[in-house]
Amino acid sequence: MTIKVLIKRKVNNQNVGGLEILLNKLRAMAMVQPGYISGESLVSVEEKTLCLVISTWKSLQDWNRWYTNHQRMDLQNQIDLLLGAPTHYEVFEHI
């Protein structure tokens, strides 16, 4: 069953450029993972420091395999250090 993962990050203005670079690297890595379908990056129109990524995967197992990938985790740690806070994840399935 296809799932969607909502990934929320809040960044301060001086780190927006650094976050964009790291997110592009992360997306490039995700695109070659088994089960990856698509992803889109959004920024809030009301709060420009709030970023949302919507990632679509063929299955929860595909997402979990990617989520626990050591290369992804290393890059995610760099992102969280830049943000100064952990990234928030929510996984949804179709009803």
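Predicted model: local features only at pLDDT ≥ 70, side-chain atom pairs only at ≥ 80, totals over all residues.
Residues are numbered from 1 along each chain as its sequence is written, and side-chain values use heavy atoms, with hydrogens and water left out.

Let's start with the rings. The structure holds six aromatic pairs. Rings of Phe, Tyr and Trp (for Trp, its six-membered ring) pair if their centres lie within 6.5 Å, with planes under 30 degrees apart counted as stacked, over 60 as edge-to-face and the rest as tilted. Y36 and W57 make an edge-to-face pair, at 5.3 Å centre to centre and 80° between the planes. Why does this pair tie together parts that are 21 residues apart in sequence? Because Y36 sits in strand β2 (residues 36-43) and W57 in strand β3 (residues 50-57). Helices (H or I, at least four residues) and strands (E, at least two) are DSSP runs here, numbered from the N terminus.

Now to W63, which pairs with Y89 in a tilted arrangement, 6.0 Å centre to centre and 50° between the planes. W63 is in helix α2 (residues 60-67) and Y89 in strand β4 (residues 88-93), so this pair links parts that are 26 residues apart in sequence. W63 is buried too, at 5% relative accessibility. Taking a step back, Y36, W57, W63, W66, Y67 and Y89 form one aromatic cluster.

What about the strands? β2 and β3 run antiparallel and are joined by seven bridges; strands pair if DSSP finds at least two bridges between them. A hairpin of six residues connects β2 to β3, and S41 has V53 in β3 as its bridge partner.

Finally, the core: a nonpolar core is a set of buried Ala, Val, Leu, Ile, Met, Phe, Trp, Tyr and Cys residues joined through side-chain atoms within 4.5 Å. The largest one has 18 residues, of which V5, L19, W57, W63, W66 and I79 touch the most other members. β1 (3-10), α1 (16-30), β3, α2 and α3 (70-83) each give two or more residues to this core, and α1 gives the most, with five.

Methods: Buried < 20%, exposed > 50% of the residue type's maximum accessible area, 1.4 Å probe, protein only.
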